[in-house]
Amino acid sequence: MFDNKDQSRTSLSELGEFGLINHLTKDFAVKQSSTVKSIGDDAAVIDTKGKQLVISTDLLIEGVHFDLSFMPLKHLGYKSVMVNLSDIYAMNAEATQITVSIAVSNRFPLEALEELYAGIELACAIYNVDLVGGDTTSSTKGLLISVTALGLADADQITGRDGAKDGDLLVVSGDLGASYMGLQILEREKQVHKVNPNSQPDLEPYSYLIERQLKPEARRDIIDLLKKIEIKPTSMIDISDGLSSEIIHLCKNSKTGVRLYEDKIPLDPQMINVCEEFKIDSTTVALSGGEDYELLFTIAQTDYEKIKGNPNFTVIGHITPEGDGMNLITRANTSIPIVARGWNALSNETED
Ligand SMILES: [Mg+2]
């Protein structure tokens with residue numbers, strides 16, 4: 001993973017901006033019938049077919065959001081798309097198109113950008129979305145990637161953060177905290193590698209955690225599954241900043257309280273082991289770690305039978321009146337207020 005592959009280098013200046021865009025996007029085929037005009041005109045044209053258009057955008061900056069010393073460029077391309085698609089699915093919409101804009105310094109050869117776009121192309125192929133535009137510009141330092149995702153949904157299917165009702169069940173897909181612990185492993189190995197460049201880390205015991213960090217998947221399957229079992233969540237959000245911060249968003253927007261049960265929070269055994277190794281509390285990681293890209297949503301109690309026993313879903317709590325506050329019920333059965341700490345909660349620079 002830390003090998004510096006000896007690749008050939010083609011300077012970006014040899015191609016020019018339009019040559020570069022053309023070169024990087026020439027193999028992207030149009031898949032969505034809503035894509036009327038893609039790359040190659042002044043603007044893309046989308047036929048919304050009477051549906052509502054959902055738009056989300058993210059900016060990722062080298063050194064702030066990603067570290068290229070352990071993040072392969074292909075993975076970075078893939079993950080940049082996932083981060084955005086996750087927001088579209090969190091609206092209960094189908095992701096249909098993306099635009100990708102990058103700023104690069106001349107330390108990146110063409111071959112590096114080809115790797116980045118290979119990851120973007122793979123994500124587009126798997127998630128059935130079209131790349132329909134973007135921009136390429138130079139940066140004096142480092143790499144910046146901005147992805148905008150577009151999605152379509154029938155007006156009555158769109159699920160916001162504001163529809164949770166007293167008595168609704170709080171449900172989460174997948175498991176939490178693994179991505180954060182994957183990052184801790186990668187950062188630890190980076191430090192080891194600095195001291196001993198010949199070290200060959202055995203990362204096998206951490207494979208799930210590292211995959212969750214380097215190659216997360218947006219939960220389109222959950223959106224499809226909810227449709228199939230005929231559940232429309234009353235509210236929904238994706239977990240990018242940690243469970244506690246997302247719960248607070250749902251409750252504040254819905255004007256409700258919540259009771260979250262610590263013993264119900266789904267954790268992978270590998271994640272629990274590594275928390276022990278790092279002497280860090282697994283509940284804290286699940287609450288504040290972030291980058292899980294799972295979906296957190298609320299459903300009416302009458303829908304419980306439809307998800308009961310389904311391994312994709314875990315009921316972790318229930319919605320209460322706003323006046324009851326937002327509370328975590330610990331394993332010791334004590335109630336403590338949920339606070340938003342976000343993804344840097346575990347560093348020394350806590351925000352609150
Ligand atoms: Mg989000």
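Which loop holds glutamate 291? In this predicted model, glutamate 291 sits in the loop that runs between helix 9 (282-288) and strand 10 (295-299). Its surroundings are worth a look too: glutamate 291 has 21 C-beta neighbours inside 10 Å, and it counts as buried because the cut-off for that label is 20 or more.

Glutamate 291 also carries an annotation. In an unreviewed entry, UniProt lists it as "binding site" together with His65 and Trp343. The annotation "binding site", again from an unreviewed entry, covers Asp241 as well.

Where do histidine 65 and aspartate 241 lie? Histidine 65 is found in the loop between strand 3 (52-61) and helix 2 (73-89), while aspartate 241 belongs to the loop between strand 8 (235-238) and helix 7 (243-254).

Here are the C-beta counts for these residues, side by side.

| Residue | Other C-beta atoms within 10 Å | State |
|---|---|---|
| Histidine 65 | 17 C-beta atoms | partly exposed |
| Aspartate 241 | 22 C-beta atoms | buried |

Why is histidine 65 partly exposed? Histidine 65 has 17 other C-beta atoms within 10 Å, so it falls between the limits of 12 or fewer for exposed and 20 or more for buried. Aspartate 241, with 22, is buried.

The chain has a mean pLDDT of 92, and 95% of its residues reach 70 or more. Over residues 348-352, however, the pLDDT is below 50.

Methods: Residues numbered from 1 in each chain as written. Predicted model: local features only at pLDDT ≥ 70, side-chain atom pairs only at ≥ 80, totals over all residues. UniProt positions renumbered as here; feature names shortened; annotations may be inferred. Helix = DSSP H or I, 4+ residues; strand = E, 2+ residues; numbered from the N terminus. pLDDT = per-residue confidence, 0-100. Contact = placed C-beta atoms within 7 Å.
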